[in-house]
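Please consult the sequence and the structure while reading.

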Amino acid sequence: MLDSQPSSSARKRSALASFMFASRWLQLPLYLGLILAQCVYVFHFWVELKDLVLAAMGNEAALQHIFQAVAVPNAPLPTKLNETTIMLVVLGLIDVVMISNLLIMVIVGGYETFVSRMHLEDHPDQPEWLSHVNASVLKTKLAMAIIGISSIHLLKTFINAISYDAKTMIAQTCIHVVFLLSAMAIAYTDRIMMNTQSDNKHH
């Protein structure tokens, strides 16, 4: 009978382990904060889109706001809404969307991986990647999202190449290449880990 009762030290260890495991809920306010950041990005997107539409219709205040938004330091402001200006504004909108996608991956994937299961298996809108998400998959997807965001910024720099010096363009290109190499290193490391786990299961 005495042997079937858990010892006092075992109960203490169990309580400590439970307390430490419950500490994962401290991350919940962080994910809620990211949801608020997502709301800010949605508001910013619609403000920029509204100004672009109004500028195309000839609204002078919206036009000036668009010019300020796409302005490059030490470069003259555009004088009319041309194809390049529209392209820069649209690239800015795409940038907002991609950062918003990154936030969703961090919020949903991070909560599912590190806090609690969402039990979305039967939900018709469950993201395809969420069914097999883990820390490694999340890292890889985040790296790919950062590369996409970096590509948008690099494209905006190339469009305004005449306004930048060579050092700035080279620096931005090198940073983008570093992101690419980092993503490749993460993917390669995950592949090695998966192969190692597979070999261990066979043995």
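Which residues form the largest nonpolar core? They are Leu52, Ala55, Ala62, Leu63, Ile66, Phe67, Val70, Leu88 and Val89, nine residues in total. A nonpolar core here is a set of buried Ala, Val, Leu, Ile, Met, Phe, Trp, Tyr and Cys residues joined through side-chain atoms within 4.5 Å.

The model is predicted: local features need pLDDT of at least 70, side-chain atom pairs count only at pLDDT 80 or more, and totals for chains, interfaces and linings use all residues. Residues are numbered from 1 along each chain as its sequence is written, and side-chain values use heavy atoms, with hydrogens and water left out.

**Overall fold**

- The protein chain has six helices and zero strands, where helices (H or I, at least four residues) and strands (E, at least two) are DSSP runs numbered from the N terminus.
- Along the sequence, the pattern is α-α-α-α-α-α.
- Of the 203 residues in the protein chain, 26% are buried; buried means under 20% relative accessible area, exposed over 50%, and partly exposed in between (1.4 Å probe, protein chains only).
- Among contacts (heavy atoms within 4.5 Å) between residues at least 6 apart in sequence, 62% join residues at least 24 apart.

- The buried residues of α2 include Tyr31, Gln38, Phe45, Glu48 and Asp51, together with Leu52 and Ala55.
- The cover over the buried residues of α2 includes α3 (60-69) and α4.
- Just after α2, Gly58 takes a positive phi of about 100 degrees.
- The nine residues of the largest nonpolar core include Leu52 and Ala55, and the elements that give two or more residues to this core are α2, α3 and α4.
- The most is given by α3, with four residues.
- Ala55 touches Ala62, Leu63, Ile66 and Leu81, not counting residues up to four places away in sequence.
- A second, separate core of five residues includes Ile99, Leu102, Met105 and Ala145.

**Packing of α4 against α5**

- The axes of helix α4 (residues 83-115) and helix α5 (residues 135-159) come within 10 Å and cross at roughly 170 degrees. Axes are lines fitted to C-alpha atoms, for helices over the stretch in contact, and angles run from 0 to 180 degrees between N-to-C directions.
- The crossing angle makes α4 roughly antiparallel to α5, a term for angles over 145 degrees.
- The residues of this contact divide into 19 nonpolar, seven polar and three charged. Ala, Val, Leu, Ile, Met, Phe, Trp, Tyr, Cys and Pro count as nonpolar, Asp, Glu, Lys and Arg as charged, and the others, Gly among them, as polar.
- Leu138 is found in helix α5 and counts as buried, at 7% relative accessibility.
- The C-alpha atoms of Leu138 and Gly110 are separated by 7.7 Å, although these residues are 28 apart along the chain.

- Ser150 lies in helix α5 and is buried, at 11% relative accessibility.
- Ser150 touches His176 and Phe179, not counting residues up to four places away in sequence.
- His176 lies in helix α6 (residues 166-202) and is buried, with a relative accessible area of 12%.
- Leaving aside neighbours within four places in sequence, His176 is in contact with Ile147, Ser150, Ser151 and Leu154.

Note on methods
Angles under 35 degrees count as roughly parallel, over 145 as roughly antiparallel, 65 to 115 as roughly perpendicular and the rest as oblique.
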